[in-house]
Amino acid sequence: MTPGQPPLLTDATTALALALLLLAPLAIAGLALINTGLGRSRSAAQSLLGSLAIVAVTAIAFALVGATLVGTSAAAGHIFILGGKPWNWLGMGPFFLLGLSAAPAQAQLELLFEFLAVALAALIPWGSGADRLRLAAGCAIGAVLAAIVFPLLVHWTWGNGWLAQLGVNFSLGSGFLDPAGAATIHVLGGLSALAVAWIAGPRRGKFPQGGFATAMPGHNAVYILFGCLLALAGWLALNIAGAVLWLHAPLAALPATAVNTLLSASGAVIATLAVTRYRFGKPDASLCANGWLTGLVASSACAAVVSPLAALFIGIVAGVITPLLVEVLELAVSIDDPSGAIAVHGAGGLWGLIAAGVFAPWPGQFSAQLVGIATLLGLALPLVYLLFWLANRVIPFRVDPDGERIGMDLHELGGGAYPEFVIHRDDTYR
Amino acid sequence: MKFAGLLVMPAGFFLSLAALVLFPASNTGARTAFVLCGLAVEALGLAVAVRGHMESKGKDRP
């Protein structure tokens with residue numbers, strides 16, 4: 001299968017892609033559960049309600065603005081000429097989804113994929129800002145991503161933009177390869193999580209003056225681990241649908257994509273289990289969940305184009321990196337990221353993109369992946385930080401200290417997720 | 001300092017783009033090296049931004 005061929009969806013592949021995309025919200029549900037479980041019990045209802053609100057806001061913002069900027073893979077875009085080559089930098093879709101029902105099936109399915117992708121991307125920084133990010137701030141973050149940053153990256157990657165055309169214009173493999181959103185969903189989400197963690201700052205008491213970082217474990221391991229299982233179903237759907245839509249993969253190639261996704265996640269969770277068992281004496285449930293997710297994230301870039309053995313190797317490397325990076329970010333760099341999103345989605349996505357370049361069978365693919373990564377780090381991160389910094393001036397991201405003390409549920413919703421629980425005083429809050 | 005680091009990162013991105021325009025497709029090695037240089041500049045900018053974050057957090061820790 002090669003990207004860039006003209007779309008030729010048969011009725012069977014159209015039905016299959018639609019069925020898969022209807023399963024993809026399981027990835028969103030899984031991520032929302034994981035984010036909630038990794039936060040504190042006194043912020044659980046706000047976390048899940050925030051997830052719902054963010055999905056809604058991103059859908060509306062993407063429909064009103066983002067979809068126009070994305071365009072479709074078959075439509076022309078805004079192009080400038082540099083160095084004798086066309087650079088397709090912005091899409092030209094219809095305003096407000098006009099004429100959607102009359103559009104070809106491929107275009108409609110692409111749009112549905114993008115709606116689900118942007119919701120997933122916006123949930124990633126929400127988990128990173130758990131326990132101190134206001135509901136309105138989560139919605140603002142979702143709107144900014146859905147209206148501005150995500151559409152640009154999606155057009156460049158999936159909408160026949162300049163990154164997708166690196167192969168045609170500059171002989172770099174098949175162009176930037178990202179069939180299931182490792183870059184457009186996960187790296188973007190991970191970089192947004194970094195920006196949110198920087199802007200909102202750490203939870204009160206996380207890094208006490210003159211002391212070590214305080215451990216603030218997640219409140220519900222069952223949510224976290226069940227979320228991982230839900231996420232697997234959603235990821236399988238997204239990876240296969242991505243292979244159908246963006247790589248035009250034949251039906252016969254799809255089971256291998258599913259097997260690679262599973263192998264990558266499996267290798268990652270076993271590797272994380274071994275690393276945490278070695279470092280702490282016992283396996284750590286939340287870090288193992290992070291490892292599982294990192295394996296899935298890495299598979300988003302490469303499950304459709306690598307061999308099963310390569311997928312397993314990619315997963316193992318992802319699983320080794322994750323717990324170490326989570327520790328480094330918290331202890332050495334003083335970044336409070338309750339969901340581990342920066343390591344899981346940011347670093348895991350980048351590793352997947354590199355691995356796709358290494359293991360994909362097209363010459364020059366590695367360079368294409370490097371250019372894509374340079375775009376994400378060099379353009380997307382500063383842009384996201386700038387936009388979030390401006391949004392923070394209008395809608396302050398962080399709740400006031402009293403709200404943080406009593407918990408986001410009571411402060412923002414007026415009631416807790418577990419009203420029959422006894423709320424203990426938090427000794428870490430001084 | 002954080003803003004300075006973040007401002008350096010787009011410079012790395014433009015270096016990577018320059019590699020595509022300046023080097024022909026036949027000169028794969030030089031082109032890849034130039035793209036890697038762009039990524040190195042971005043890594044430098046990120047390191048400065050992270051350093052700036054650590055310093056600011058050290059000052060106003062609760």
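This is a predicted model: local features need pLDDT of at least 70, side-chain atom pairs count only at pLDDT 80 or more; totals for chains, interfaces and linings use all residues.
Guide: A residue counts as buried if 20 or more other C-beta atoms, placed from the backbone, lie within 10 Å of its own, as exposed if 12 or fewer do, and as partly exposed in between. Residues are numbered from 1 along each chain as its sequence is written, and chains are lettered from A and ligands numbered from 1 in the order in which they are written.

Visitor: Is A:L262 buried or exposed?

Guide: A:L262 belongs to helix α9 (residues 254-280) of chain A; helices are DSSP runs of H or I with at least four residues, strands are runs of E with at least two, and both are numbered from the N terminus. Because A:L262 has 22 C-beta neighbours inside 10 Å, A:L262 counts as buried.

Visitor: What separates A:L262 and A:L236 in space, C-alpha to C-alpha?

Guide: In sequence, A:L262 and A:L236 are 26 residues apart. In space, their C-alpha to C-alpha separation is 7.9 Å.

Visitor: Is A:V394 buried or exposed?

Guide: A:V394 is in helix α13 of chain A. The C-alpha atom of A:V394 is 9.5 Å from that of A:A137, 257 residues away along the chain. Because A:V394 has 9 other C-beta atoms within 10 Å, A:V394 is exposed.

Visitor: What is the radius of gyration of chain A?

Guide: Chain A contains 15 helices and two strands, and its C-alpha trace spans about 60 × 45 × 40 Å along the principal axes. The radius of gyration is taken over C-alpha atoms, and the globule rule is 2.2 Å times the number of residues to the power 0.38. For 430 residues a compact globule would have a value near 22 Å, which agrees with that of chain A, 21 Å.

Visitor: What is the radius of gyration of chain B?

Guide: Chain B has two helices and zero strands, and its C-alpha trace spans about 55 × 15 × 10 Å along the principal axes. Of its 62 residues, 32% count as buried. A compact globule of 62 residues would have a radius of gyration near 11 Å, but the value for chain B is 16 Å.

Visitor: Which helix gives the largest share of the side of chain A that touches chain B?

Guide: Two residues are in contact if their C-beta atoms, placed from the backbone, lie within 7 Å. The contact takes 25 residues from chain A and 24 residues from chain B. On the side of chain A, the largest share is 12 residues, and these come from helix α13 (residues 365-394) of chain A.

Visitor: At what angle do helix α7 and helix α12 of chain A pack?

Guide: Residues of α7(A), including A:H186 and A:L191, meet residues of α12(A), among them A:H345 and A:L350. Axes are lines fitted to C-alpha atoms, for helices over the stretch in contact, and angles run from 0 to 180 degrees between N-to-C directions. The axes of helix α7 (residues 182-200) and helix α12 (residues 341-359) of chain A are 8 Å apart, and the packing angle is about 145°.

Visitor: What is the mean pLDDT of chain A?

Guide: Over residues 1-5 of chain A, pLDDT stays under 50. In chain A, 96% of the residues reach 70 or more, and the mean pLDDT is 93.

Terms used: pLDDT is the predictor's confidence in each residue, from 0 to 100.
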